[in-house]
Amino acid sequence: MKRVHDCLVIPMTEPKPAAQTADNAESSGVAVLDRAFSLLAAFSATDAALTLTELSKRTGLYKSTVLRLLSALEHGGFIRKLADGQYAIGPQPLRLASIYQRSFQVGHVIEPILKQLSVATGETASFYVRHEDKRIALFRVEPSRAVRASVQIGQEYAVAQGASGKVLLAFSLPVAPEYQAIREQFWAVSYGERDPETASAAAPVFGVTGELQGALAISGPRARLAPPEAMYEACRHVLEAAREATMALGGLATHYAQSLERMTAESFDAPAAALVS
């Protein structure tokens, strides 16, 4: 009979499956991208440049990590290092922004109409699109007058604030009950929501298949637009401009005519206006 000798078995560490290794690498890569995007997002519309310290503070990242990411972003053209050591946004975001604008394929129609609308009202005319819970100013024309509402192209604003945000919510699915009135009347107004000193009016723009393209709006000092007669005239101009844009894009304009017929100056009396502000 053969005797089986006891032996000491040393367990070997099994190699990680290739899929698991790939997943870890992918997760690491995603984390790096998230940090890089957080650096770009740290710049607000009013920031011409930021220091390394401020970028570290706003992102919660170590300075050493920020420096590594800034180097890569600078190489890609997304960040510029200035002579004083501060950092500013590079040229690449501008190139991507122009591609983003062109992807909507409405600029050739919207921009001339915004110019006409701004001249007719003497106020800032803008076109907004929705991105998740934000609204983005895609195009904007400002009047020459010194006191005016300022709108930044590409700036994200809360979609639940402002006349244009209400329009985007009213004509996006699912429709919340509080926006049903706006959906029926085809316009919305706002008094001091995003900025206490600003008021606005907006209407939807549709494409050839009836899909919402965005919201056309004018905004200006609340003191100028808040009086019922002034807001009535502003809203009429916006509806007419939105109708023109929709027709130029191949959409149906029936609802605009109906809305214009129903609209009266009394629609913008303080009690009624408060319901849609």
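Tutor: Axes are lines fitted to C-alpha atoms, for helices over the stretch in contact. The model under discussion is a predicted one.

Student: At roughly what angle do the axes of helix 2 and helix 3 cross?

Tutor: Two packed helices are described by the angle between their axes and the distance between the axes. The axes of helix 2 and helix 3 (residues 63-75) come within 9 Å. The angle is roughly 105°.

Student: Which residues of helix 3 make the contact with helix 2?

Tutor: The residues of this contact divide into 5 nonpolar, 3 polar and 1 charged. Helix 2 contributes Leu 52, Thr 53, Leu 55, Ser 56 and Thr 59. From helix 3 come Lys 63, Val 66, Leu 67 and Leu 70.

Student: Does Ser 56 count as buried or exposed?

Tutor: Ser 56 lies in helix 2, which spans residues 52-59. Leaving aside neighbours within four places in sequence, Ser 56 is in contact with Leu 61, Tyr 62, Lys 63 and Val 66. Buried means under 20% relative accessible area. Ser 56 has 14% relative accessibility and therefore counts as buried.

Student: In what order do the 6 strands of the open sheet stand?

Tutor: The pairing in this sheet is antiparallel. Strand 5 (156-158) and strand 6 (188-191) stand at the edges, each with a single partner strand, so one side of each lacks a neighbour in the sheet. Neighbouring strands are turned by 35° against each other on average, direction ignored. The order is 5-4-3-8-7-6.

Student: Which helix packs on the sheet, touching strand 6, strand 7 and strand 8?

Tutor: Strand 7 comprises residues 198-206, and strand 8 comprises residues 212-221. The direction of the helix in question makes about 25° with that of strand 7. The helix, made of residues 228-248, is helix 9.

Student: Which residue of strand 5 stands opposite Arg 135?

Tutor: Strand 4 (residues 134-141) and strand 5 run antiparallel. They are joined by 3 bridges. The residue opposite Arg 135 is Tyr 157.

Student: How many of the 8 residues of strand 3 are buried?

Tutor: Strand 3 covers residues 124-131 and pairs with strand 8 in the antiparallel sense over 5 bridges. In that pairing, Ser 126 stands opposite Ala 217. Strand 3 is largely enclosed by the rest of the structure, because its number of buried residues is 6.

Student: Which residue in the turn between strand 3 and strand 4 has a positive phi?

Tutor: These strands pair in the antiparallel sense over 7 bridges, and Phe 127 stands opposite Phe 139 in strand 4. They form a hairpin with 2 residues between them. The residue with a positive phi, of about 55°, is Glu 132.

Student: How many residues of helix 6 are buried?

Tutor: Helix 6 spans residues 163-170 and is mostly covered. Among its buried residues are Ser 164, Lys 166 and Leu 168. Of the 8 residues in helix 6, the number buried is 8.

Technical notes: Residues are numbered from 1 along each chain as its sequence is written. This is a predicted model: local features need pLDDT of at least 70, side-chain atom pairs count only at pLDDT 80 or more; totals for chains, interfaces and linings use all residues. Side-chain values use heavy atoms; hydrogens and water are left out. Helices (H or I, at least four residues) and strands (E, at least two) are DSSP runs, numbered from the N terminus. Buried means under 20% relative accessible area, exposed over 50%, partly exposed in between (1.4 Å probe, protein chains only). Contact means heavy atoms within 4.5 Å. Two strands pair if DSSP finds at least two bridges between them. Axes are lines fitted to C-alpha atoms, for helices over the stretch in contact, and angles run from 0 to 180 degrees between N-to-C directions. Ala, Val, Leu, Ile, Met, Phe, Trp, Tyr, Cys and Pro count as nonpolar, Asp, Glu, Lys and Arg as charged, and the others, Gly among them, as polar.
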